[in-house]
Structures are given as C-alpha cells and as structure tokens.
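Subject: Structure handover

Hi,

Here is the structure for your files. Please open it next to this note. My findings follow below it.

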Amino acid sequence: MDETKLLAYCLAKPGAWQDEPWEGDIVAKVGDKIFAFLGSTSVGLKCGRNREEADELIRVYPQDVAASAYIGRYGWNTVALGGAIPGDELTELVDQSYDAVVSKLPKSKRPTV
C-alpha cells in the first residue's frame, strides 16, 4: 500500500481529517488527536496500550517496524510501507490506532457513526 492509498483509507474513517502540524508532516486526526503520522515510506501508528504490547509487532516484523521516536514508550510504532506487512494487516493496524485514539476522546468529541 502506498502513502496516497493509506491517506485515503485514514481519511475515510468517521470524523477523520488531515492536518499538517509541522511543515511537511502530514497526519490524520480524529477530534483533536493524531491517529496516524503519514510519511512517504512509513506510517506512525498506536500499536499497543504500552511499549510491551507494541513490541509484539516488532517481534513479528523486525525489518519493517520500530518503536517511534519520542512517543514509542506510549505504544507508538513506525511501520514501513511496501515492506513485508500485507496491506490488509496494515489497514487493520490503522483501524486499531484509530479505535485506540477515539476511545480516549471525551464522549462529546467522539465521531458519530
């Protein structure tokens, strides 16, 4: 899956919108929270409630997944695009990241489905 298709998938989620909080850095948000950091070769996603859970994905795909800089301790991973991770698994990871972020939003800011 390339970055254009991944961005389209992210933005198709209820309440999702594109932002550029830092020049040249595209993110997908729901409410006021980021659920995907989109790059040309990778995507940053919430892959677990904590570092231990997120490390499971690194164990399965050590060449294509790494703990995200700065926020990795909170369960965020950087996932390579076009690597060994199948497209359907990548979209599942996006779904999980989105769901994790939505669950932390105040009920008043959660999108209605």
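Val27 is buried, because its relative accessible area is 1%. Buried here means under 20% relative accessible area, exposed means over 50%, and partly exposed lies in between (1.4 Å probe, protein chains only). Please note that this is a predicted model: local features need pLDDT of at least 70, side-chain atom pairs count only at pLDDT 80 or more, and totals for chains, interfaces and linings use all residues. Residues are numbered from 1 along each chain as its sequence is written, and side-chain values use heavy atoms, with hydrogens and water left out.

Back to Val27. Its place is in strand β2. Helices (H or I, at least four residues) and strands (E, at least two) are DSSP runs, numbered from the N terminus. Not counting residues up to four places away in sequence, Val27 touches Trp17, Gln18, Asp19, Pro21, Trp22, Ile34, Ala36, Phe37 and Leu38. Contact means heavy atoms within 4.5 Å. Val43 is 16 residues from Val27 in sequence, and the C-alpha to C-alpha distance is 9.2 Å.

Tyr9 sits in helix α1 (residues 3-11). Tyr9 is partly exposed, since its relative accessible area is 28%. Leaving aside neighbours within four places in sequence, Tyr9 is in contact with Thr91, Val94 and Asp95. Asp25 is 16 residues from Tyr9 along the chain, and 17 Å separates their C-alpha atoms.

Now the whole chain. It has three helices and six strands. The pattern along the sequence is α-β-β-β-β-α-β-β-α. The C-alpha trace spans about 40 × 30 × 30 Å along its principal axes. The radius of gyration is 13 Å, which agrees with the value near 13 Å for a compact globule of 113 residues. That radius is taken over C-alpha atoms, and the globule rule is 2.2 Å times the number of residues to the power 0.38. Buried residues make up 37% of the 113 residues. Take the contacts between residues at least 6 apart in sequence: 51% of these join residues at least 24 apart. The chain exposes about 6,600 Å², and carbon and sulfur atoms supply 52% of that. Areas come from the Shrake-Rupley method with a 1.4 Å probe; for residues, only the protein chains shown count as cover.

Next, the pockets. A pocket is an open set of points on a 1 Å grid over the protein atoms alone, where a 1.4 Å probe fits, with protein on both sides within 12 Å along at least five of seven lines; lining residues have an atom within 4 Å of a point. A volume is the space filled by probe spheres set on the points.

The largest pocket has a volume of about 340 Å³. It is lined by 14 residues, and Lys46, Trp76, Ala100, Val101 and Lys104 lie nearest its centre. β3 (33-38) and α3 (87-104) each supply at least two residues of this lining. The largest share, six residues, comes from α3. By class, the lining has five nonpolar, four polar and five charged residues. Ala, Val, Leu, Ile, Met, Phe, Trp, Tyr, Cys and Pro count as nonpolar, Asp, Glu, Lys and Arg as charged, and the others, Gly among them, as polar.

The second largest pocket has a volume of about 270 Å³. Of its 15 lining residues, Phe37, Leu38, Gly44, Ser68 and Thr78 are the closest to its centre. β2 (25-30), β3 and β4 (42-46) each supply at least two lining residues. This lining has nine nonpolar, five polar and one charged residues.

Best regards
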